[in-house]
Amino acid sequence: MLFDAHCHLQDARFGAGLEAVLRRAAEAGVTHMVCCGTREEDWDRVLELGRRPEILPMAGLHPWYVDGASPHWAARLEAAFDRGAGAGECGLDFSDGRPSRELQEAALRAQLALAIRRDLPVSLHCVKAAGRLLEILRETGLPEAGGLVHAFSGAPEVALDFQALGLHLSFGRALTVPGARRAQASLAALREDRILFETDSPDLPPEGVTGLNEPANLVHVAAASPRPAPAHENASRLFRRWMR
Ligand SMILES: [Zn+2]
């Protein structure tokens, strides 16, 4: 049994192929998929998909899209939470060409405050921003429900810092890249119950897989992992309110 802790099934690239994607996921033993919204436009679709027992809906404003959000995005996000979504994807991305750090941090802080108030698990995106994300999380705290840092590929010291805050670390493509020593070392350093696997599909396909990534490809992440796939309870505990 595998649990895809972070993916984007609402992505238009899946289109009419989504039924086949979900069938292949079931055949591959992927029993649950956490579907993360990234901007206002896709939250309705995520909630609609979340009516299926195997799909767990999350809604967030991704750092890539903070400069395109409407003035009402936070109220809309609360409405999505009212309708049963978890919190995410949100976070920080300090790569070149992304929205300003000020906008990203303001959006992240607003989402963390809502998630803490409602005690919703949070799915965090972090690229070239681990130091700052840790600072902010130490200041704001986290929802008691917990959360995860998705697509983790950083160093073990950073993984342990996130773990110390109570977060899970979710691994995907990074484990499948030949010579992916850093991600593998981080995986080895963590507590067994803090580890999750994900595809981030339709992006970030495992090494050697071509075309659109999909949850069934979680088997490639599991095959590349030097540790056994995480226990189902790791994810089902974190996302317990959506388990059916
Ligand atoms: Zn994602």
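Author: A definition comes first: a residue is called buried under 20% relative accessible area, exposed over 50%, and partly exposed in between. Please note also that this is a predicted model.

Reader: Is Tyr65 buried, exposed or partly exposed?

Author: The relative accessibility of Tyr65 is 24%. The class in between begins where buried ends, and buried means under 20%. Tyr65 therefore counts as partly exposed.

Reader: What kind of aromatic pair do Trp64 and Tyr65 form?

Author: The structure holds 4 aromatic pairs. In the one formed by Trp64 and Tyr65, the centres lie 6.3 Å apart and the planes stand at 75 degrees. Trp64, with a relative accessible area of 32%, is partly exposed. Planes over 60 degrees apart set the class, so the pair of Trp64 and Tyr65 is edge-to-face.

Reader: Are Phe152 and Phe162 buried or exposed?

Author: The rings of Phe152 and Phe162 also form an edge-to-face pair, with centres 6.4 Å apart and planes at 85 degrees. This pair links distant parts of the chain, as Phe152 lies in the loop between β6 (147-149) and α6, and Phe162 in helix α6, 10 residues apart. Relative accessible area is 5% for Phe152 and 0% for Phe162. With buried meaning under 20%, Phe152 and Phe162 are buried.

Reader: Which residues do ring pairs link into a cluster?

Author: Phe152 and Phe162 form a pair, and Phe171 belongs to the cluster with them. The residues linked by ring pairs are Phe152, Phe162 and Phe171.

Reader: Which residues are the protein donors of the zinc ion?

Author: The donors lie 2.1 to 2.4 Å from the zinc ion. In sequence they are spaced H-x1-H-x80-E-x110-D. By name and atom, they are His6 (NE2), His8 (NE2), Glu89 (OE) and Asp200 (OD).

Reader: How many residues apart are His6 and Asp200, which link distant parts of the chain?

Author: Both His6 and Asp200 are buried. His6 belongs to strand β1 (residues 2-7), while Asp200 is in the loop between β8 (195-197) and α8 (218-224). Their separation is 194 residues.

Reader: Which element gives the largest share of the lining of the largest pocket?

Author: The largest pocket holds about 750 Å³ of space. Its lining has 36 residues, and those nearest the centre are His125, His150, Ala151, Asp200 and Leu204. Elements giving two or more residues to this lining are α2 (40-49), β5 (122-127) and α6 (156-164). The largest share, 3 residues, comes from β5.

Reader: How many charged residues are in the lining of the largest pocket?

Author: By class, the lining of the largest pocket includes 16 nonpolar and 9 polar residues. The charged residues number 11.

Reader: Which elements give two or more residues to the lining of the largest cavity?

Author: The whole structure has 1 cavity of 30 Å³ or more, and the largest cavity has a volume of about 70 Å³. Its lining has 9 nonpolar, 1 polar and no charged residues. Among them are Met1, Phe197 and Ala235. The elements that give two or more residues are β1, β8 and α9 (232-238).

Technical notes:
Residues are numbered from 1 along each chain as its sequence is written. This is a predicted model: local features need pLDDT of at least 70, side-chain atom pairs count only at pLDDT 80 or more; totals for chains, interfaces and linings use all residues. Side-chain values use heavy atoms; hydrogens and water are left out. Donors are N, O and S atoms within 2.8 Å of the metal (3.2 Å for Na, K and Ca); water is not among the atoms, so sites may look incomplete. Helices (H or I, at least four residues) and strands (E, at least two) are DSSP runs, numbered from the N terminus. Buried means under 20% relative accessible area, exposed over 50%, partly exposed in between (1.4 Å probe, protein chains only). On a 1 Å grid over the protein atoms alone, a cavity is a set of points where a 1.4 Å probe fits but cannot get out, and a pocket is an open set with protein on both sides within 12 Å along at least five of seven lines; lining residues have an atom within 4 Å of a point. Grid points are joined across faces, edges and corners, and a volume is the space filled by probe spheres set on the points. Ala, Val, Leu, Ile, Met, Phe, Trp, Tyr, Cys and Pro count as nonpolar, Asp, Glu, Lys and Arg as charged, and the others, Gly among them, as polar. Rings of Phe, Tyr and Trp (its six-membered ring) pair if their centres lie within 6.5 Å; planes under 30 degrees apart count as stacked, over 60 as edge-to-face and the rest as tilted.
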